Every structure is written in structure tokens, then in C-alpha cells.
Amino acid sequence: MPESIDLLVHNTSELMTARPPRPGPVRRHDLDSIEIIPDGAAAIRDGKFVAVGTSAELRARYRPARELDAGGHLVTPAFSDPHTHLIHGGSRHAEWESKVLEQPSPGIDGGIRSTITATADASDDDLLEHAAGILDDMLASGTTAIETKSGYGLNRDAELRLLSLAADIRHPITISSTFLGAHTVPERLRDDRGAYISEIIEMLPAARRLADTCDIAIDPVSFTPEEGRRLIAAAVEHGFRLRFHADQTADIGGTGVAVEAGALTVDHLDFVSDAGLRSLADSPTLGVIFPAANMHLLDVTPGRDSHPPRNLVAWADRLIDSGAALALSTDYNPGTAPCTSMQLVMQLAARLYRISFAAAWNLSTLNAAHAIGAGDSRGSIEVGKDADFVLWRAEAHGQVVHRLGSNLASGVYIRGALVASDGRRIEGNE
Ligand code: NIG
Ligand code: FE
């Protein structure tokens, strides 16, 4: 007697399950393969996967209330995007054109300060409307869970405003909220950095009511390891889980500090030292990396033989070979990475880092879910996980990585329900 289910997804060309060969994030050479079931199928009940197999197997076993005939197309897990700066005012396109034209332009800290002003000048409605547009784009390109941060306030009221707005968002994408009071030092306290650290510490109890994660930027444009340690001690005392921006513009030992603090993630790693990388590889902390930011900052030359400042191929090889657990993310923000699409992130990762298609997918699905602390409930098509998946206008998973710039997601599903179709969110699913 066939069992009842809510939905049977079947008749795929490939069902990419992204089930890992061993528990936890996929590391090192395991990244270069990913489980594909030709003509695969998935059974869904109460928003969760209850069986994964071939179409023939599952059709014989289940009586579905609804069927999704994939029409011989690819089905994969949905993406998670573990590092975004979603809520901000203004646009930094003009500053970026100056950079493109090799004219004087502000550095990262100057750019952050201009976004702080634009954010303060924007109404709550404007900020929420802008964020909703970005979230709709993310959803339509296949992302169903993100992490996002404050950090464009840098004073108590403005930081708490951003966290409250994030908490008010109603959208099908699951949002995990992070307090980033420690993004950089505000202009007003440029000469009294210790006073700003004390201010951040005073914000922690109120921030903790709105966010369960605290991000601390340890980088020459932000805070020193010593300043970071002061913040870590206070954040841990208030029960925050930790993540870090570290070693983005130079190595000042941020990665080692993050690992020592037991961080969930340490993000950027552009200039990570050998010692920092060794400590990361020996830890459960994930390293999150951003090909869109690498490219958009215009400080890289693609290719194995490229000259300083950066050889991204060698850098990515070194990170992967270390055995560190890594994940890809957009780093969506108005300055260093105005990118909303994890498809584009995979496409850039293959080109800039010379990683395999399987690696690009592993780093953007299961590992990205781990990097928002959700690896047990999403990121792969596995029994017991949320049925978040994407139906593609493609037959092979490699086609999505090979394409450059189009949105190939034809249907995006959350817990078995269609939430976006052919580039547009379907209203009414929040
Ligand atoms: O790339 N240290 C901060 N870096 C941010 C920059 C955000 C911005 O340019 O507004 C980042 O994640
Ligand atoms: Fe960031």
C-alpha cells in the first residue's frame, strides 16, 4: 500500500542531493565530488524531505497529493548566503566608477562611513523597501536563508534601529541577524577608539535581544586583535555566538583570534597567515570567502601566474588544501560587493579560484548552510531536512556554473511550496 505524501518531485535529469560523504561541512578533496541521482526524485511531507531515490523507486512507494514533474531538468538544494549587509541606505556606484577609472576614491572605511550617512538619512520605510527588493532578487535566484548584519549605524540608536528593522522583515527567506557594532570606528571617535569599544560593550545587552550573533571586524580598517579580544570577552558574557570579518586588507592575526574565540565563521581571509590558516583548519570554525568582493574590489588579476597584489588561484588552493571548512557567500553590501546572486558567486568562484563545479556547489549549499549554523536542517536534499530546493532551466549542475550572469532558476521552493518562479517572487508566502 503506497504511503501518502504531500509532494513528489520526479523526472529530473539530475537530482543533486549534496549529501556529504561524512557528517559536517565538506572539506578538501571531498569538495570535488557531489552526489547526483540521475532521474532522481524526492518525497516531501510536512515541509520536509521524507525520501530520496530514483523516480521509479519513489513513484512505486508513494501516493502524492501533488506532483512536480521536473520535465527532465536539474533539481538541487537551495542556496544559503551566510554573510550579507542587507539593510543600508544609498548607493556607492559613483565612488566605484572613480575606482574603475583609477581616480581617487575612498577606502573601505571611508565607504562604510558614507553608507552610514546615507542610512541615517533614509526613512525606515525606504530601508525596508530597499531590503525587500534585495531579498526578492536573492530568493528568485535560489537563496532561501541568509545571515545579515547591522554595522551601518555605529552608535547605539542607529545600530539598534538596524537590528529592529531586520527583526521586522516579513519575507519567505529565513533571516539570521547579527550585531556588527564593531564594523569600523566612527569618525566622531577616530581619536578615541577605546571609547567606541566601551560604547559597543554598552550596546550588547540591547543588541542581544534582537540578534544572537555578534560580528567583530579585525582588520587594519577596523579593530586590532587586542581591541577585538576586549569585545569578544564582553560578547561571550552576553551569550552571543561569534563571527568575524578578518584579514581582509592585511594580515593582523584576525583569523587566529577568531578561531581561539570559537567563532562560527571567520570571513574574508584574503591575507590570512599560514599560522592563522593552520588554526582554522584544526577547528570547527568555517571560513567564508567572497569571489564577488574579490572581483569588485578590482585588486586582483585572474590567473595562476598573476602578479601581486593577489593570486586568487594560489590563495584558494592554499585554503582548500589546508583542510579548513569553507563556504561561499555574496557579502552583499553597497561597497565591496553589490551582488545578490549565489549563482553568480559560484560562477565567479570557478573562474577566479579555478575550483571544480562540484566544489562550487558544495561550498554554496551544504557548507553555506553550516556557516549560518543551519547545516543540520538545510543545505542538502536529505531525509529530515527542510524541503528547500530549486528547479533549474538546465539539465546538468555544471551548466549553472558555466553560465555567466543569467538567472537559471525556474522554480524556487521553501518547505515544498513554490515561492519564486522565473525571476519573480510569488507574493503571499511570508
Ligand atoms: O566587505 N571590513 C568591512 N568590510 C565590508 C565592507 C562593507 C562596505 O564596503 O560597506 C565587507 O564585508
Ligand atoms: Fe562583510
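Predicted model: local features only at pLDDT ≥ 70, side-chain atom pairs only at ≥ 80, totals over all residues.

Residues are numbered from 1 along each chain as written, chains are lettered from A and ligands numbered from 1 in written order, and side-chain values use heavy atoms, without hydrogens and water.

**Stop 1: select ligand 1.** Show the residues near it (a heavy atom within 4 Å). There are 15, and among the nearest are Arg92 and Tyr152.

Stop 2: Look for polar contacts (N or O atoms within 3.5 Å of each other). A side-chain N or O atom of Gln248 is 3.0 Å from a nitrogen of ligand 1. Oxygen atoms of ligand 1 lie 3.1 Å from polar side-chain atoms of His245 and His268.

**Stop 3: select the iron ion (ligand 2).** Its donors (N, O and S atoms within 2.8 Å of the metal) come from His83, His85, His245 and Asp331, at 2.0 to 2.6 Å. Since His83 is in strand E6 (strands are DSSP runs of at least two residues) and Asp331 is in the loop between strand E13 and helix H12 (helices: at least four), the pair ties together parts 248 residues apart in sequence.

Methods. Polar contact = N/O pair within 3.5 Å; in protein donor to acceptor, adjacent residues only side chain to side chain. Donors = N, O, S within 2.8 Å, 3.2 Å for Na, K, Ca; no water.
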